[in-house]
Amino acid sequence: MRKPTDLCLLCNTNLASQTNSHIFPRFMGVTMLTSSNNKREGYTTTTDFIDKLKSGNKIKPEQDTPKEDFILCPSCENNFEKLETHFANKHYKVIDKPSLLNNKTDEVLINKMPVIVNKKMDYIIYKKLIYSMLYRASITSLPQFTNIHLPENNKNSIRQIILNEIEFIDYPTYSIIPARDTEYTKNCIYANSELDNKAHLLCVNDYIFIIDFGSQSYLLKNIARFKNHKEQYAKFGLLSDKVWDDWRKTFLGV
Ligand SMILES: [Zn+2]
C-alpha cells in the first residue's frame, strides 16, 4: 500500500500526497459508465470483469475509471492534467464524426480503414499524453494494469520526456477510434504489453492507443496506415462498428 509520505513515482522528489490519480484520463471513460437509459451503471475493468462477462455472471458496477492514491505529487498530477485538457479541448470535445464520415460507406470503413488528421492538436502534447498514460499504467499497482510490463529503459525515457529533462523523442504510436458511436457499455479499460514488451496496448473505452518501442512487427504492419511517427499532426485511424467489435473480441475474447 502506498502512503502519502512516499515519494512521487514521476518526479521522485516531492511527496506523493495526491489522491485519486486516474491512470487514464477520466473524460475518456465517462460514457462507458452510463447506460443508454442514462443510468450511471458502469463496469468493473479487471480481469475478473472479463471472466464474469464470459460466464454471463452479473458484474458489479464501478462508478469511476481506475484511480489510485499516493502515486503522484500534486505538481505531477497537474502536469498530466494540462496534457489531458489539451486533448479534451482539441480532440475529444470537438471531433465531429458525422462530417468526417461524409462519403465513407461501411464498405470503405472495413476495407480501407480511413485515417483522420487533427491539425488543431499540438503534436508533442498529444504524444506526451499517450506516453503519460503508458507511464501511469506502468507505475500503478491496480489489478487492471498487471499486464503492462514496460522495460526500465523505455520507462525512464518517457519519464524524462514528460518532465522535459531530455529532448522529445518521437516513438511510433497508433491511435484508433470507432468511426461511429459504439455501444459504450460494451467497451472497457484494458492494457497489455505485447511483442516481448516492446509494444503496449492501451484500450480506454472508445480509444485504442499503441506505443511501439520495437522495430516494425508483422502485427503492426496490418495497421501501418495508422502509424503516427515523425509527423506534424496527430492521426486517428477509424474502424467500422464491425471491425471495432472484431478487435474487441480479439483483445478480450468477449
Ligand atoms: Zn511529482
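**The nonpolar core and a helix pair**

In this predicted model, the largest nonpolar core holds 51 residues. Within this core, Leu72, Met133, Leu134, Ala137, Leu202, Cys203 and Phe209 touch the most other members. Two or more residues come from each of helices H3 (74–92), H6 (123–139) and H7 (152–162). The strands that give two or more residues are S4 (173–178), S5 (189–194), S6 (199–204), S7 (207–212) and S9 (234–239). H6 gives the most, with nine residues. Met133 is in contact with Phe24, Leu202 and Phe209, when neighbours within four places in sequence are left aside.

The protein chain as a whole has nine helices and nine strands. Of its 254 residues, 35% are buried. Contacts between residues at least 6 apart in sequence were also examined; 73% of them join residues at least 24 apart.

Helices H3 and H6 form a contact of their own. Two packed helices are described by the angle between their axes and the distance between the axes. The axes of H3 and H6 come within 9 Å and cross at roughly 125 degrees. H3 is therefore oblique to H6. The crossing is left-handed. On the H3 side, the contact is made by Phe80, Leu83, Glu84, His86 and Phe87. H6 contributes Ile125, Tyr126, Lys128, Leu129 and Ser132. Six residues of this contact are nonpolar, two are polar and two are charged.

Note on methods. Residues are numbered from 1 along each chain as its sequence is written. This is a predicted model: local features need pLDDT of at least 70, side-chain atom pairs count only at pLDDT 80 or more; totals for chains, interfaces and linings use all residues. A nonpolar core is a set of buried Ala, Val, Leu, Ile, Met, Phe, Trp, Tyr and Cys residues joined through C-beta atoms within 7 Å. A residue is buried if 20 or more other C-beta atoms lie within 10 Å of its own, exposed if 12 or fewer, and partly exposed in between; C-beta atoms are placed from the backbone. Helices (H or I, at least four residues) and strands (E, at least two) are DSSP runs, numbered from the N terminus. Two residues are in contact if their C-beta atoms, placed from the backbone, lie within 7 Å. Axes are lines fitted to C-alpha atoms, for helices over the stretch in contact, and angles run from 0 to 180 degrees between N-to-C directions. Angles under 35 degrees count as roughly parallel, over 145 as roughly antiparallel, 65 to 115 as roughly perpendicular and the rest as oblique. A crossing is left-handed if the near helix is turned anticlockwise from the far one by less than a right angle, and right-handed if clockwise. Ala, Val, Leu, Ile, Met, Phe, Trp, Tyr, Cys and Pro count as nonpolar, Asp, Glu, Lys and Arg as charged, and the others, Gly among them, as polar.
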